[in-house]
Amino acid sequence: MNQQTIAVLFGGRAPEHDVSIVSAIGSVIKPLQLSGHQVVPIYIAKNGNWYTGDQLAEIKTYQTGKIDEIIAKQKPLAISVNDGLTIFPEGRERKAIKIDIAFPVMHGSYGEDGSLMGLLRMANVPFVGCDMEASVVAMNKVLAKQVAEANGVPTPKYLAFTKAEFENDRAEVMKQIDSTLRYPLFVKPPHAGSSIGITKVKAEPDLANALEVAAYYDDVILIEESVENLIEVTVPIIGNDQPIVANVERPTHLTDDGVFDFETKYLGGGKKGGKGGKSGKQGAQGYSEIPAKLPEKLYRSCEDVALRIYRAVGLLGIARIDLLIDSKTNIVYFNEINPMPGSLYAHNWVTKGVSNVALVEKLLDYAIDSFTKRAAVNTTFSTNFLKQF
């Protein structure tokens, strides 16, 4: 690809704010700079304001807390969405920067959930990753399960309630859960990512607290049965019409409850985690087995289920599909979708011979391909409707 002006958007108002910063700087900005692109870092603060500047592309800015000083002195970006995305640093039009491609590296609400994709779509600018509709489904675990069921893909038995339903009649909600689902259960905020707010409930006395935790992070609560004899795997995929699967990866350092939680993923591998993995065999934090050691037929089933979900939801560019396996029955259950995997799951793609630089270049190509196809669809319609008034 020719050199382009790439806006990398990260941070945001979601609980995964800090994870987004690490993903953007380490796995996207640096490789793009190595490719010779002009990279415009756009940091979205926790209050929703947008900022840019060279210092925002350095991890030390955030590690030292200097970011607070910078945004206290700097005016938020002015942006234009007229015929493309244009940004105006410090609000001065003479410094206008026209963006060729947007690369959202947002995790969770107000970004990965389709919110940002809708804005970029209206701006008529190519952007990396899933489109708005697919992002909405992917980041709503309840909707994603419904799509899986409609396409014949097994998913653990579940119930879902709104936060209002729970707060208005807690006893009734808990009664329905107890009479419908079998313990142990997982209680989740269905719009959150990075395993934030998830609780494993082994018995009824712990249920109320778990529901309150999920309700703190979301306006919907998802409760699902635990899969017996569990093997958890994850499948990174890239591509549009012809998606490409990386290695099926198996997390190896779970919590005592068998949860692949935020601490395990991001804070040094969790209680049992190491500080580094063997190249080609473990994840970047030493917490996974790549490729997962599964029987050949079961391994291929995981790839097949992941691809079926990818196509059914209409995912584009990049995503990660999480699956649950009952090792006795060999049933592969769909768990959830991550439409912008942390750090792009670059450690997995490296084992397939795709470097970080090659990975981001592929994602830019997919973004242009998606944009071109969207542009070919006619979205206007001429009528005489207004003349009758």
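What share of the 389 residues in the protein is buried? I looked this up before anything else. Buried residues make up 52% of the chain's 389 residues. I note that the model is a predicted one.

Next I went through the secondary structure. I find 13 helices and 17 strands in the protein.

Then I turned to contacts. Among those with a separation of 6 or more, 65% are between residues 24 or more positions apart.

I also looked up the surface. The accessible surface of the protein is about 18,000 Å². Carbon and sulfur atoms hold 50% of that surface.

After the totals I picked two residues.

Entry on Asn-348. I located Asn-348 in helix H12, which covers residues 346–350. Is Asn-348 buried or exposed? Its relative accessibility is 0%, and buried means under 20%, so I list Asn-348 as buried. I then asked which residues Asn-348 is in contact with, leaving aside neighbours within four places in sequence. I wrote down Pro-236, Ala-246, Asn-247, Glu-249 and Ile-290.

Entry on Leu-386. I found Leu-386 in the segment that follows helix H13 (356–375). Why does Leu-386 count as exposed? The cut-off for exposed is over 50%, and Leu-386 has 70% relative accessibility, so I list Leu-386 as exposed. Leu-386 also belongs to a nonpolar surface patch, together with Phe-385 and Phe-389. I noted about 430 Å² for this patch.

Methods:
Residues are numbered from 1 along each chain as its sequence is written. This is a predicted model: local features need pLDDT of at least 70, side-chain atom pairs count only at pLDDT 80 or more; totals for chains, interfaces and linings use all residues. Side-chain values use heavy atoms; hydrogens and water are left out. Helices (H or I, at least four residues) and strands (E, at least two) are DSSP runs, numbered from the N terminus. Buried means under 20% relative accessible area, exposed over 50%, partly exposed in between (1.4 Å probe, protein chains only). Contact means heavy atoms within 4.5 Å. Patches are made of residues with over 30% relative accessible area and no salt bridge: like charges are joined within 9 Å, nonpolar side chains (Val, Leu, Ile, Met, Phe, Trp, Tyr) within 5 Å. Accessible areas come from the Shrake-Rupley method with a 1.4 Å probe; for residues, only the protein chains shown count as cover. A salt bridge is a side-chain nitrogen of Lys or Arg within 4 Å of a carboxyl oxygen of Asp or Glu.
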